[in-house]
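This briefing covers a single protein chain and selected parts of its fold. Please look over the sequence and the model before reading on.

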Amino acid sequence: MASLELYINKQLCEIENPENFSIYLKRQLLNPAELSTKDAQRSYDISLPATATNNAIFGYTNTEEVKGKFSQLYDAQLLANGTKIFDGKFKISEIGKDYYKGNLGIPAAKTVKDIFGEMKMNQAGKWLVDFTRIEDVTTYNTKENSECIFPFVLYSLMPKRDTNKTYTPKNVYDASVVFGLENFPPSVNCLQMLEQIFKNSGYSLTGSAMTDERLKNLYVSYKNPENYEKLWGIGSLKISGTWGNYMNGVIDNYHINNTEIPGIPRGYITGNFFNSKNIRNLKKSESGTNISISKEGDTTNTAFKIPQTGLYKLFFKAVYRGKTEGLEDPAGMSIFQGSLANPIYEAKVLRYTDSDVLDSQMIDNIYCYNNIDQNLGDANKIYPKAHAVNFVDPKQNPHLICGLSWGGEDTSIEIITPYDNLLVGNGKFHNPIAISGGLSWSYGNKEGGVKDRFYSAVKSEGYFSPNNLDTPRKFVVELEDIPAEMRTHTTRTDDWNGTGQVSQIIWLEKGECITIVSTSRLAALKGKTDAWYNHEIDFELTLEPFTPYRSWLKMSDDGSSTDAMHWTDKTVFDVGKMNLIKLLPSAIKVNDWIDNFCKAFNLNIVNTGETNFELNVKNRNIINRATNIIDLDKCANVNQRSNESLKLPYLYDIGFTIDTNEEGYYNTLKEYVKDEDGNETDEKAINSGMGGGGKYYTGSSETTAITQTSNFSYCWYKDLFANEENAKQGINPIVSIPVIMEHEAWEKDYDYADMMDKYYSDKAQRFWYKSGLFDISIEGTPLKFALVSNSYTNGDKKLVLDYGNETDSILNEYFLLLLNSANSYTVVDCLLTPEEYNNLKTFLVKFNGDLYNGSVN
């Protein structure tokens, strides 16, 4: 008889009759009528005497009222002949005066739900990868075992340019296609994603699945609502170039505002650098596609969009050059020489919504209404010091961000103009301008008051009265530690040349567009027709993401700072990084995704330690090598056995989620609906398509069926062609790619332009493998996008992503189905040694000369 020792809380329990003491363990390794395996252990009731030793071990709960005595779990180990055959817990179920009764068992370990609760996939922390420029798309697509890939997958019709409102066929990939990076959301590596999610919650993830080559190379599609915010990576945005209003005999596009103010005849004229016929050396630098440049005839159009809401460090630099060339056109726009001696010029960065913004521009560098609440002739007017920043009130220009102003003095008139700064001693006007960081002076006005506030900070000593240059009256902004080479200032070397720069902290909203313009006084040819002063401006604009927290700004309502702010404070945005977690499904819980992933590939996830989970391949552990055998012929014979039916279901039905409206599924429909006379109609039979699933009949007489449907979808592919002729004949496709869209988008009855705006990114996710590369240019930048497929092959390591009854399918590689209903259990009652019991899961069992896989009860 085996010698049994029971330890509770590492103390040896006393047993009343050691010779007769026995513990019956129940253990089940395999249930052939289920798709999964398990290894569960528990004992029948056992009794222990209430000895002094046992009373001490259990805290004298048999003699005193102890709170929670029946809910406490005690560490327990059971040894037989010195071999540990059980390591778990002991729970008391009954306490008598002379005994303790309870059960040995292994309590449920932590589950995935215990760890992640209601957390959604896109809330699972950070997974930062480098993304500093659009060329990183190629880097990830050519990298071995990359964290993510950018696959050539269609979630919408290919964006195309029309020719006379006509588009090439929907399945033709030609020169009219104009892809943007937003058309290619990343696809993450499944196992690396799970590993990172567990790591973010303080757990490691190990196990046999993590080293399975076919799972290690598996990627999953993007899934989120159409309007979900996609961030490829946020980094610095920079654009530079040279603009001129009159170059090589070409007058640029312009906008005229005929508003006149006292002492200033005529109005103002504005040229838009981002919609120009006269832009040169235009260069951009960024990590995504927030700056796009395109040509429309002889005009270059630039779209500059803000990638994410937050505070940005803005640096704007410009060089002004007046030109002497002129042009007289009595019937149109004339060109005058661009001296600074009389006219005034401003290079400005604006929030841009539409052309009305440009039509309303005027000179903003003024020192009276509407810019500041003081009249032109007020004796107590205040000004910034000479050539220091002049803050522009939203009442004056709600679209302004910042800018530079040169000129404005006019010796030909005796009156004081709105541009005159009495603190400028040399009579040469020039200074930076920037939107005020406080409330508008008109905020409290019942009529015409501006309620919007624009959060901004530019270093300023403040505004002073000409009678007191020691005490600032307004607009003192402490923005410290700006590098010397970036400090806000302007210069004017003569009447033909000026420079300047602005360093600003500015709050910008995601999706806002900005532009750069030149606004100047409008001249007149012989007092009759309009004329434009000839000038060129070199410009450079840089936006660096700083922090998403507006509270960083210490600005009061009156436009002064309440405390010092520091330019060198640490950037909070993950600049130059892409957070892959934020691109995961926003409507799916982490634990649901993991459960469904395990179901799809028949994996098991279990908590194996304080900070570790294991993800294991299961149901592939049926023993088929006769290297280790437990010989039951030594302890039982054939007369002691009985046979029991496996009770197999008559059907295993395993498959994916199928959206019958999807284009991919619709194209696999082979059958047609029949009318009352049995004739086929033009309507396809909706259930006749191929969805990657499988049905397996066992021949069992049982009436039960096991159905398992994955929450993931099968992935269908569609051919693209180089021209319409090949597309009509279905010959020579150039590529075959996943099309995750509804069939409606491909129906002939729908207009291409209408359907091109529909985006179907919220469809069920699907799996694929990287299979190749495909060249696509985005805004002139050649990139390599990943091609994907439903199969993986690397030597003898193969997998096809369906549940068909074929070699290398998910079903045959990761599931175990017993399809022969003639098989049965062989039930044997016998006694095993502790070593044999402990090895049941990994040894074959020999009985009556045959070898078996064992299950024990």
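Is helix H4 (residues 190-200) mostly covered or mostly uncovered? H4 is mostly covered, with eight of its 11 residues buried; buried means under 20% relative accessible area, exposed over 50% and partly exposed in between, with a 1.4 Å probe and protein chains only. The model is predicted, so local features need pLDDT of at least 70 and side-chain atom pairs count only at pLDDT 80 or more, while totals for chains, interfaces and linings use all residues. Residues are numbered from 1 along each chain as its sequence is written, and side-chain values use heavy atoms, with hydrogens and water left out.

**Overall figures**

- The protein chain has 12 helices and 58 strands; these are DSSP runs, H or I of at least four residues for helices and E of at least two for strands, numbered from the N terminus.
- Of the 857 residues in the protein chain, 49% are buried.
- The accessible surface of the protein chain is about 39,800 Å², and carbon and sulfur atoms account for 45% of that area (Shrake-Rupley method, 1.4 Å probe; for residues, only the protein chains shown count as cover).
- Among contacts between residues at least 6 apart in sequence, 75% join residues at least 24 apart, where contact means heavy atoms within 4.5 Å.

- The buried residues of H4 are Cys190, Leu191, Gln192, Met193, Leu194, Gln196, Ile197 and Phe198.
- Asn189 caps the N-terminal end of H4, with a side-chain oxygen 3.2 Å from the backbone nitrogen of Leu191.
- Just after H4, Gly202 has a positive phi of about 90 degrees.
- Five strands form an open sheet in the order E10-E11-E13-E52-E53, with antiparallel pairing; strands pair if DSSP finds at least two bridges between them.
- Strands E10 (148-149) and E53 (781-789) are at the edges with a single partner strand each, so one side of each lacks a neighbour in the sheet.
- Strand E13 (residues 219-220) and strand E52 (residues 767-778) run antiparallel and are joined by two bridges, with Val220 opposite Phe767 in E52.
- H4 packs on this sheet by touching strand E11 (187-189), E13 and E52, and its direction makes about 70 degrees with that of E11 (axes are lines fitted to C-alpha atoms, for helices over the stretch in contact, and angles run from 0 to 180 degrees between N-to-C directions).

**Nonpolar cores**

- The largest nonpolar core has 103 residues, of which Phe152, Phe597, Phe601, Leu615 and Phe767 touch the most other members; such a core is a set of buried Ala, Val, Leu, Ile, Met, Phe, Trp, Tyr and Cys residues joined through side-chain atoms within 4.5 Å.
- Helix H7 (residues 590-601) gives the most to this core, with seven residues.
- Another core, of 66 residues, lies apart from it and includes Ile279, Trp406, Ala457 and Ile537.
- Not counting residues up to four places away in sequence, the residues that Phe767 touches include Cys190, Val220, Phe597, Phe601 and Leu801.

**The E41-E42 hairpin**

- Strand E41 (residues 603-609) pairs with strand E42 (residues 612-617) in the antiparallel sense over six bridges.
- A hairpin through two residues joins E41 to E42, and Gly609 has Asn612 in E42 as its bridge partner.

**Ser436**

- Ser436 is in the loop between strand E29 (430-435) and strand E30 (456-457).
- Ser436 counts as buried because its relative accessibility is 4%.
- Leaving aside neighbours within four places in sequence, Ser436 is in contact with Phe391, Val392, Phe454, Phe475 and Gly559.

Definitions and conventions:
A polar contact is a pair of N or O atoms within 3.5 Å; within protein, one must be able to donate a hydrogen and the other to accept it, and residues adjacent in sequence count only if both atoms are side-chain atoms.
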